[in-house]
There are 2 protein chains.
Amino acid sequence: MASHKREHFTAAEQQLAAVAKALGHPARVAIVRLLAQRRVCVCGELVLELPLSQSTVSQHLKELKAAGLVQGEVDGPRVCYCLDAAGWAVARRLFGDLLAEMPVAAAPDAAGCC
Amino acid sequence: MASHKREHFTAAEQQLAAVAKALGHPARVAIVRLLAQRRVCVCGELVLELPLSQSTVSQHLKELKAAGLVQGEVDGPRVCYCLDAAGWAVARRLFGDLLAEMPVAAAPDAAGCC
DNA sequence: TACTTTTATCGTCGATTTACGATTGCAAAT
DNA sequence: ATTTGCAATCGTAAATCGACGATAAAAGTA
């Protein structure tokens, strides 16, 4: 249906893109995994585990916070970072909805494009 | 570049980041959804559905192809794009593995960070 | 107060992304 | 062979990203 161009993308598309973008860097994937394993929690410990400088890690944490995947609470002189369960619930829903629309490789070749 | 702390990131982390990055733009999310709905299939039709120029859409398709989520087969003068089921299977596994590590909001507050 | 520790922010740099119009290439039709 | 139509690529410009060192801010300690 050759309709007119859409002014914007849907809210779900933009939210999903935002979360996916936050996970679109190996360092940020590594950070959330480290936080999930509870092996580390404080920014300084993350720096020790990652091949990045302190300022770069802090920047990645800022982006993960902006995406709602991580939250940090001040604990004295340091900051304790942990995963935001609510944010991950949203991410689960968004990715789940998208993947539900996508093809399953039931048929081996299954291309059958057009 | 001058990184000398630990090893780099795992293969899974890099693969996941690559797929997430490909989905990290609303236009690319919209494209795969349009392809999934089978409403459109050809580049030109995608252009009509999106608020982007032909060259920009082609560029997004190229990135989705590079990420293994889309494949295009030449069909006469036009190109028929379709989702790559194998690529989506990989994406499912990568995201599934990551989400399996992430917290579920079972416990309401559950922060209990440190 | 002064000092230390920890993290956030600033400023900068190069690389990449995003977008576009214009051009090229390719396959079918004339 | 020429024309037509669609898609990929080129070239370019603005914006963003990713990284770093340096510096500031905040909190505890001496």
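Start by selecting R33(B) and E101(A): these two form a salt bridge, with their closest N and O atoms 3.0 Å apart. A salt bridge here is a side-chain nitrogen of Lys or Arg within 4 Å of a carboxyl oxygen of Asp or Glu. The pair crosses between chains, running from helix α2 (residues 26–36) of chain B to helix α5 (residues 85–101) of chain A. Helices (H or I, at least four residues) and strands (E, at least two) are DSSP runs, numbered from the N terminus.

Before moving on, a word on what you have open. This is a predicted model, in which local features need pLDDT of at least 70 and side-chain atom pairs count only at pLDDT 80 or more, while totals for chains, interfaces and linings use all residues. Residues are numbered from 1 along each chain as its sequence is written, chains are lettered from A and ligands numbered from 1 in the order in which they are written, and side-chain values use heavy atoms, with hydrogens and water left out.

**Stop 1: around the first pair**

Buried means under 20% relative accessible area, exposed over 50%, and partly exposed in between (1.4 Å probe, protein chains only). Over all chains, the count of salt bridges comes to six.

**Stop 2**

Select R28(A) and E63(A), whose side chains meet in a salt bridge (3.2 Å, N to O). R28(A) lies in helix α2 and E63(A) in helix α4 (residues 54–66) of chain A, so the pair ties together parts that are 35 residues apart in sequence. R28(A) counts as buried, at 7% relative accessibility, whereas E63(A), at 33%, counts as partly exposed.

Next, switch to chain B and pick E63(B) and R28(B), which meet in a salt bridge of 3.1 Å, N to O. This pair also links distant parts of its chain, with E63(B) in helix α4 and R28(B) in helix α2, 35 residues apart. R28(B) is buried at 8%, and E63(B) is partly exposed at 34%.

**Stop 3: the axis**

Show both chains together. Chain A can be laid on chain B with an RMSD of 0.1 Å by a turn of 180 degrees and a shift of 0.0 Å along the axis. That is the relation of a two-fold axis. The copies are superposed by least squares on the C-alpha atoms of residues with pLDDT of at least 70 in both.

Which residue of chain A comes closest to the rotation axis? Select A20(A), whose C-alpha is 2.3 Å from the axis. The same surface serves both copies, as 95% of the contact residues of chain A recur in chain B. Contact means heavy atoms within 4.5 Å.

**Stop 4: the core**

The largest nonpolar core has 67 residues; V32(A), L46(A), W88(A), L23(B), V32(B), L46(B) and W88(B) touch the most other members. Such a core is a set of buried Ala, Val, Leu, Ile, Met, Phe, Trp, Tyr and Cys residues joined through side-chain atoms within 4.5 Å. Zoom in on L46(A): leaving out residues up to four places away in sequence, L46(A) touches I31(A), L34(A), L35(A), V40(A), V57(A) and L61(A).

**Stop 5: D84(B)**

Finish at D84(B), in the loop between β2 (78–83) and α5 (85–101) of chain B. D84(B) is buried yet has no salt bridge.

Methods
Lys, Arg positive; Asp, Glu negative; His and termini not counted.
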